[in-house]
Amino acid sequence: MKRFLSLLCLPPLLAACSLSEVPPESGLPGQPGAAAPAPAGPLVVPPLSALRDTPARALGGRFQRVGWADLPGWSNDDLSQFWPLFIRNCKGLMRPTSGNLAAPARATPRAWQPVCAAAADPARAPGDAAAMRQFLQTYLQPWRLNGADNRPAANTVTGYYEPLVRGSRRQGGPYQWPLYAVPDDLLTIDLGAVYPELAGKRVRGKLVGKRVVPYDTRAAIESSGKRPPAIVWIDDPVDNFFLQVQGSGRVLLTDGPDAGTTIRVAYADHNGQPYASIGRWLIAQGELRADQASMQNIRAWAQRNPDRVPEMLNANPAVVFFREEAVVDPELGPKGAYGIPLAPRRSIAVDTGFVPLGTPVYLATTWPASDRPLQRLVFAQDTGAAIRGAARADFYWGYGEEAGAQAGRMKQRGQMWVLWPKQAGEPSAR
């Protein structure tokens with residue numbers, strides 16, 4: 001995925017340049033090196049002696065111990081609904097680490113065991129926002145995230161969301177744009193298994209005779225006589241494309257026995273080809289100006305030029321493949337790289353070279369396209385190909401049109417404070 005680190009994004013088109021423009025190689029449920037999903041049921045905390053440790057992984061930033069009063073707006077964050085999210089995150093923290101360097105770095109489980117053990121005691125469950133804040137202040141210590149120069153890190157905060165589109169399990173009428181399942185002939189080759197210095201790097205391809213060759217581009221897949229199986233067919237090519245950009249989404253089925261049902265299509269894999277912006281292609285073709293490259297204008301162009309839609313889509317050779325999931329809790333999003341369902345406005349994607357997954361983070365930024373403070377406690381529960389550097393974050397807004405509007409406008413500056421168990425010293429990763 002290193003080829004995707006230099007994605008070219010166009011404001012306002014995908015101003016977020018979000019985590020899922022090309023989803024991360026590792027860490028997604030079902031992928032090699034992925035975190036196992038958090039167990040269902042009540043929080044169970046193993047004794048410290050049962051938590052096997054693995055070698056520490058270096059973090060790229062520096063951490064400065066600060067007081068709670070140093071967190072801007074800390075007392076104003078409404079934590080009344082935060083406890084279930086904290087418990088769910090603890091379930092993730094208490095999973096054993098594998099030591100697999102292909103997986104994103106995770107917060108050290110042994111550091112969190114005493115805190116999660118306290119959270120598992122029903123007698124300590126906070127009853128309101130003030131008690132929640134007191135619990136956090138009792139067990140956790142804030143640390144300012146600094147850069148390698150030991151100065152407070154400030155970076156871009158973008159947004160992402162889960163789109164809602166209309167689809168059918170059958171191709172027909174307006175439903176002509178497939179979302180594919182993983183093809184049977186897709187190979188994922190872990191280079192680190194052969195060359196240790198390439199740990200975490202993978203390539204994708206297929207077998208032709210005795211040779212492994214790059215997997216088909218979008219154009220080659222569409223012209224092939226053997227396409228991957230389609231999970232659903234979407235009624236709009238631009239909606240289809242942007243759902244792939246986000247990496248997951250919900251589909252309202254409109255016909256057949258499942259009519260009226262909403263399903264989730266979650267990222268499962270991709271074809272290994274480099275991402276290319278269709279907005280940039282339209283600009284290069286002289287069809288749009290740079291300031292016109294919005295989702296609305298791309299959709300309008302597609303409606304005016306239906307015969308050229310395949311040409312536009314094929315300008316991007318990358319294809320995302322999906323798996324179907326039921327929407328169990330409509331309030332929660334898809335599972336991120338941490339294996340935990342994302343919580344609207346309480347989950348972020350981070351660079352795990354600076355902030356390990358599972359870490360509570362106090363984020364200070366501003367609302368999209370404004371200078372109004374947006375200061376709140378969130379969890380580092382996702383990663384992204386474009387999310388790189390100290391204090392770089394992608395803020396999960398939820399699903400639907402309003403969430404998409406907020407995510408599309410968000411390109412702010414922000415800072416981070418990591419909340420870490422008091423007894424454990426500086427933040428660490430495994």
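Which residue is the bridge partner of Lys-206 in S8? Here are some notes on that and a few other spots, with the reminder that this is a predicted model.

1. The partner of Lys-206 is Val-213, which sits in S8. Strands S7 and S8 run antiparallel to each other and share 4 bridges.

2. **The sheet around that pair.** S6, S7 and S8 make up an open sheet of 3 strands in the order S6-S7-S8, with antiparallel pairing. Its edges are S6 and S8 (211-214), each of which pairs on one side only. On average, neighbouring strands in this sheet are turned by 55° against each other, ignoring direction.

3. **A loop worth a look.** Between strand S6 (187-190) and strand S7 (202-208) runs a loop, and Val-194 is found there. Is Val-194 buried or exposed? Val-194 is exposed, because its relative accessible area is 56%, and the cut-off for exposed is over 50%.

4. **The disulfide.** You will find 1 disulfide in the structure. Cys-90 and Cys-116 form it, with 2.1 Å between their sulfur atoms. The link is left-handed, at -90° about the S-S bond. It joins distant parts of the chain: Cys-90 belongs to helix H1 and Cys-116 to helix H2, 26 residues apart. Cys-90 counts as buried at 0% relative accessibility, and Cys-116 is buried with a relative accessible area of 0%.

5. **Helix H3.** In H3 (residues 129-139), the buried residues are Ala-129, Met-132, Arg-133, Phe-135 and Leu-136. Looking down the helix axis, they fall within an arc of 155°, so they line one face of H3. As background, an α-helix has 3.6 residues a turn, so residues three or four places apart point the same way. The cover over the buried residues of H3 includes helix H1 (83-93), helix H2 (109-120), strand S2 (140-146) and strand S15 (373-382).

6. **Helix H9.** Which residues of H9 (residues 401-409) are buried? They are Ala-403, Gly-404, Gln-406 and Ala-407. Seen down the axis of H9, these lie within an arc of 165°, so they line one face of the helix. Among the elements covering them are strand S3 (155-162) and strand S16 (393-399).

Methods: Residues are numbered from 1 along each chain as its sequence is written. This is a predicted model: local features need pLDDT of at least 70, side-chain atom pairs count only at pLDDT 80 or more; totals for chains, interfaces and linings use all residues. Side-chain values use heavy atoms; hydrogens and water are left out. Buried means under 20% relative accessible area, exposed over 50%, partly exposed in between (1.4 Å probe, protein chains only). Helices (H or I, at least four residues) and strands (E, at least two) are DSSP runs, numbered from the N terminus. The arc is that of the directions from the helix axis to the C-beta atoms. Contact means heavy atoms within 4.5 Å. Two strands pair if DSSP finds at least two bridges between them. Axes are lines fitted to C-alpha atoms, for helices over the stretch in contact, and angles run from 0 to 180 degrees between N-to-C directions. A disulfide is a pair of cysteine sulfur atoms within 2.5 Å.
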